[in-house]
Amino acid sequence: MSEKPRLGYILMILPILVFIGLFVFYPYTIIVVRAFRDNYTGEFTLKNLRNVFAVPAFRTSVLNSLWFSFLTTLVSSIFGSLVGWVSTKISDRSRNVLMSLFSVPMTLSGLVVAFSFIVLLGRNGVFNIILRDTGLPTFNLYSWGGLVIAYSFFNIPLFSLTMIGAFKNLDMSLVEAARNLGANLVQTWFHVVIPVLIPAFLAAFSIVFAGMMGAFGTVLALTGLSRSLLSLQIYSHVSESYYNVPQADAFALILGLIVAMVLVVINFLERKVRVKS
């Protein structure tokens with residue numbers, strides 16, 4: 001390869017490398033360094049990381065973030081995959097309209113979504129007023145279940161867009177061949193359809209899970225600091241109430257490590273599935 005094309009490639013990727021360096025590696029390096037500093041003396045310490053798992057309230061935040069992220073991602077994956085399957089039963093024009101509609105929630109601010117849900121499902125929301133007037137139990141938007149529903153509003157469309165593309169690109173000749181060879185519907189799904197769709201499913205799962213581990217705006221607007229999550233612990237420790245930046249950095253470091261480990265596991269499973277299929 002001549003020097004000019006090689007120089008051209010370097011110049012093309014240089015802005016991307018600079019961007020990643022300034023807005024990804026540099027900030028995270030600062031977070032890692034400060035996570036091992038004492039808030040008052042600035043000396044090296046492991047206290048901040050130890051606190052994340054030693055202090056009961058902090059440990060609860062880690063566990064809450066994990067199960068909340070998995071639960072929301074699970075709900076999104078079920079309904080997102082269902083929408084993807086339904087998209088195979090409609091025309092291309094209808095599918096394009098569906099994808100356009102599903103892209104709208106992802107453009108909305110978390111605060112806008114939070115207040116929209118308050119209007120609909122808050123204590124004096126439209127649906128709760130109807131339920132209360134008819135003598136039925138009302139819905140608690142500010143519970144964990146309410147938060148899962150609110151965040152599923154974002155993530156079901158996100159998951160669906162990935163799965164719609166995966167179902168659209170599914171080679172139906174494989175399905176027809178399996179049925180012609182005597183496979184029933186269940187066997188066709190488990191041995192043909194699901195193995196083909198799993199890579200796309202795991203990719204969408206990883207995107208939604210990573211986003212849920214950092215869930216912040218909507219949950220803060222709905223519940224304030226009454227729900228214990230890693231993201232809210234970070235917020236509270238850089239606000240005036242606590243102001244312990246090294247401890248917040250320790251939370252951010254643990255959050256990043258958890259997301260990285262889960263993504264590594266998902267990537268490993270995806271490669272295993274690709275090899276088998």
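**Close-up views of a predicted model**

View 1. With a relative accessibility of 31%, Phe216 counts as partly exposed (between 20% and 50% of relative accessible area, with under 20% being buried and over 50% exposed, for a 1.4 Å probe and protein chains only). Tyr235, at 35% relative accessibility, likewise counts as partly exposed. Across the whole structure, which is a predicted model, a search finds 14 aromatic pairs (rings of Phe, Tyr and Trp, the last by its six-membered ring, with centres within 6.5 Å; planes under 30 degrees apart are stacked, over 60 edge-to-face and the rest tilted). One of them is formed by Phe216 and Tyr235, which are tilted at 55° between the planes and lie 5.4 Å centre to centre. The pair links distant parts of the chain, 19 residues apart, since Phe216 lies in the loop between helix 9 and helix 10 (217-223) while Tyr235 belongs to helix 11 (residues 230-237); helices are DSSP runs of H or I with at least four residues, strands runs of E with at least two, numbered from the N terminus.

**View 2. An aromatic cluster.** Trp67, Phe68, Phe117, Trp144, Tyr151, Phe153 and Phe154 form one aromatic cluster.

**View 3. Helix 3 against helix 9.** Helix 3 (residues 56-87) packs with helix 9 (residues 185-213) at an angle of about 135°, and their axes are 9 Å apart (lines fitted to C-alpha atoms over the stretch in contact, with angles from 0 to 180 degrees between N-to-C directions). The two helices are therefore oblique to each other, being neither roughly parallel (under 35 degrees), roughly antiparallel (over 145) nor roughly perpendicular (65 to 115).

**View 4. Helix 3 against helix 7.** The axes of helix 3 and helix 7 (residues 144-168) come within 6 Å and cross at roughly 45°, which makes helix 3 oblique to helix 7. The contact of helix 3 with helix 7 divides into 16 nonpolar, 11 polar and no charged residues.

**Notes to all views.** Residues are numbered from 1 along each chain as its sequence is written, and side-chain values use heavy atoms, leaving out hydrogens and water. Local features need pLDDT of at least 70 and side-chain atom pairs count only at pLDDT 80 or more, whereas totals for chains, interfaces and linings use all residues.

Notes: Nonpolar A, V, L, I, M, F, W, Y, C, P; charged D, E, K, R; others polar.
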